[in-house]
Amino acid sequence: MAEQLTPHLRVNLCGVPLPNPLVLASGILGTTAELMERVAKNGAGAVTCKSCGPEPRVGHPNPTVLDWGPGLINAVGLANPGIDEAVEILREARRRLQPLGVPLIASVFADSVKGFAEVTRRVCQAEPDLVELNISCPNVEAEFGRPFSLDPEAAAEVTRAARPVCDRPLLVKLSPNVTDVVAIGKAVIAAGADGLTAINTLGPGMIIDIESGWPILANRVGGVSGPAIRPIAVRIVYDLWAHLHVPIIGTGGVTCGRDVIEMIMAGATAVGIGSAVIQDGPAVFSRIAGEVRDFLTSHGYASLNEIRGLAHARRHMES
Amino acid sequence: MRDGTWNPELPIPMTIREVRQETPAVKRFVLDGSLNAYPGQFVMVWLPGIDEKPFSLMNANPVTLAIAEVGRFTRAMHLLDVGSRLWLRGPFGQGFSLEGRHLLLAAGGYGAAPLVFLARRAREDGRRITVLVAARSREHLLLVEEFRRLGCEVLTCTDDGSDGQPPRLAPLAVEELLQRAAPDALYACGPAGMLDALEALARKYHLSTQLSREAYMRCGIGVCGSCTCGDQLVCRDGPVFRIPG
């Protein structure tokens with residue numbers, strides 16, 4: 001009897017090798033070097049820090065995050081210590097993650113094109129493995145104006161500004177809250193991005209307490225994440241892959257191995273994990289990685305390369 | 001979404017049934033609801049239009065909170081009276097686990113609330129409890145009578161000696177008690193400096209110890225990363241942290 005091969009989970013994201021496709025999504029847990037190290041030790045294939053911007057921000061008042069059942073809704077409001085302190089945190093995170101073989105993705109935001117260029121330049125001093133431009137936070141519109149992610153030209157302009165000051169692979173995180181996400185994806189790739197992260201939170205949405213009549217989030221509205229948005233994330237990854245064939249971190253509502261496989265069959269290279277940490281904490285990564293490995297083993301696949309984009313090959317016969 | 005099931009953890013309203021001034025800064029709020037919680041766990045209390053903050057439970061049935069007026073949110077809390085409503089999410093976090101026959105509880109300042117809940121549970125199964133209630137001065141000693149009523153041996157200590165005893169900081173008093181009473185386990189809640197000192201004592205005396213820590217908290221459910229203590233999340237891995245004996 002032939003010896004059964006053990007499948008491997010390694011993936012290559014824009015030239016950066018990941019031990020497995022599971023990426024801690026930005027905004028979840030990535031606030032300190034110690035916590036990012038813990039996530040890596042718990043089986044993440046890459047870790048994204050919480051988005052950092054030019055200046056320190058306290059974010060919105062509480063409530064900022066709610067578990068409403070089929071998912072989360074949040075309006076943390078880009079709380080972050082500002083780029084000066086963030087560079088120090090990221091240097092330390094890098095130092096801790098490197099021996100584990102787990103890449104660090106630095107997520108940045110700003111309220112202007114110039115701001116994006118400056119924060120990107122600064123964050124590269126910490127030598128992250130990749131940089132992700134968060135142009136799609138839906139929770140700061142009152143202060144920042146319309147997110148750059150809603151318009152192809154604005155998204156491209158930010159990417160063009162960040163590209164020359166970024167000596168790392170550059171990802172752009174897209175919003176699902178557009179009518180034509182492929183147009184935005186095309187624009188940022190043409191402007192120099194190496195890959196895409198899709199999707200940021202959906203909405204914004206609102207949850208109202210019916211006893212008091214108050215919207216519960218202090219910001220009144222917030223981005224929707226978790227299983228409720230997964231089918232939308234999968235469809236967007238599918239559309240982006242069909243038209244662009246670039247590396248994508250497929251993110252949105254993934255909570256188990258089955259969801260990871262689905263995202264990769266849609267075309268994702270790696271898969272973001274965010275809201276699912278409320279299920280089992282950082283241990284969610286090793287649990288899901290085990291489930292992915294079990295699937296590959298039981299189906300006779302040697303690696304995720306064999307199933308990437310599989311859904312695109314499956315079409316009804318045309319008569 | 002917890003455990004794959006779609007059970008929302010949205011705030012639920014409860015009505016205040018009783019308010020009692022405990023010390024110049026602290027009021028006790030007894031609510032009309034109950035929660036399936038254990039000592040050391042906390043709830044997120046939401047006042048619509050104001051804010052939402054974490055508080056350890058002083059009792060779960062009925063839900064009871066002891067809240068010190070220290071800022072904008074707690075000032076608003078202190079304006080509430082019998083019949084007012086407030087909203088709760090939770091219970092959240094890892095609470096105390098009971099171990100040993102003779103427990104030493106050290107309550108610093110506002111830290112007495114979760115220890116009252118613990119003392120009640122521990123007395124229910126007949127454990128012996130010694131409590132040290134510490135505060136900066138006599139009028140701030142919190143819930144002393146409550147501990148006595150539960151059958152605990154209660155000692156006090158104050159930073160300024162206004163309780164009639166020599167002025168002492170809580171960790172010193174605890175160290176004396178460790179030597180004199182030789183408890184099986186130490187439980188504490190109070191200011192960070194006091195807890196750090198007690199952690200050092202726990203290691204020095206190889207005493208099984210559980211410390212309830214405070215942190216600036218947002219989500220309460222372990223996603224936002226606001227309440228880190230090293231690589232630990234106070235809301236999810238804590239607020240009670242164990243130091244093995």
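Colleague: Tyr187(B): buried or exposed?
Modeller: Buried, at 0% relative accessibility. Buried means under 20% relative accessible area, exposed means over 50%, and partly exposed is in between, with a 1.4 Å probe and protein chains only. This is a predicted model, so local features need pLDDT of at least 70 and side-chain atom pairs count only at pLDDT 80 or more, while totals for chains, interfaces and linings use all residues. Residues are numbered from 1 along each chain as its sequence is written, chains are lettered from A and ligands numbered from 1 in the order in which they are written, and side-chain values use heavy atoms, leaving out hydrogens and water.

Colleague: How many aromatic pairs are there over all chains?
Modeller: Six. Rings of Phe, Tyr and Trp (its six-membered ring) pair if their centres lie within 6.5 Å; planes under 30 degrees apart are stacked, over 60 edge-to-face, and the rest tilted. One of the six is Trp46(B) with Trp87(B). Their ring centres are 5.9 Å apart and the planes sit at 70°, so this pair is edge-to-face.

Colleague: Where do Trp46(B) and Trp87(B) lie?
Modeller: Trp46(B) is in strand E3 (residues 42-47) of chain B, and Trp87(B) is in strand E7 (residues 85-92) of chain B. The pair therefore ties together parts 41 residues apart in sequence. Strands here are DSSP runs (E, at least two residues), numbered from the N terminus. Trp46(B) is buried at 2% relative accessibility. Trp87(B) is buried too, at 5%.

Colleague: Back to Tyr187(B). What is the geometry of its pair with Phe96(B)?
Modeller: Edge-to-face, because the planes are at 75°, with ring centres 5.6 Å apart. Phe96(B) lies in the loop between E7 and strand E8 (102-108) of chain B, and Tyr187(B) in strand E11 (residues 185-189) of chain B, so the pair links parts 91 residues apart in sequence. Phe96(B) is buried as well, with a relative accessible area of 6%.

Colleague: New topic. How is chain B divided?
Modeller: Into domain 1 (2-92) and domain 2 (102-243). Those bounds come from an automatic or database domain assignment. The C-alpha centres of the two domains of chain B lie 21 Å apart. The contact takes 26 residues from domain 1 of chain B and 25 from domain 2 of chain B. Contact means heavy atoms within 4.5 Å.

Colleague: What area do domain 1 and domain 2 of chain B bury between them?
Modeller: About 2000 Å², with 67% of it on carbon and sulfur atoms. Pro39(B), Phe42(B) and Met58(B) supply 26% of what domain 1 of chain B buries against domain 2, more than any other three residues. Buried area is the accessible area (1.4 Å probe) that two parts lose on being put together, summed over both.

Colleague: And between chain A and chain B?
Modeller: About 3000 Å² is buried there, and carbon and sulfur atoms give 61% of it. On chain A's side, Asn62(A), Asp67(A) and Ile278(A) supply 20% of the area buried against chain B, more than any other three residues. In contact terms, 42 residues of chain A meet 35 residues of chain B.

Colleague: What about Leu202(A): where is it found?
Modeller: In strand E11 of chain A. Leu202(A) counts as partly exposed, at 23% relative accessibility. Beyond its neighbours within four places in sequence, Leu202(A) has contacts including Pro176(A), Gly222(A) and Ile232(A).

Methods:
Helix = DSSP H or I, 4+ residues; strand = E, 2+ residues; numbered from the N terminus.
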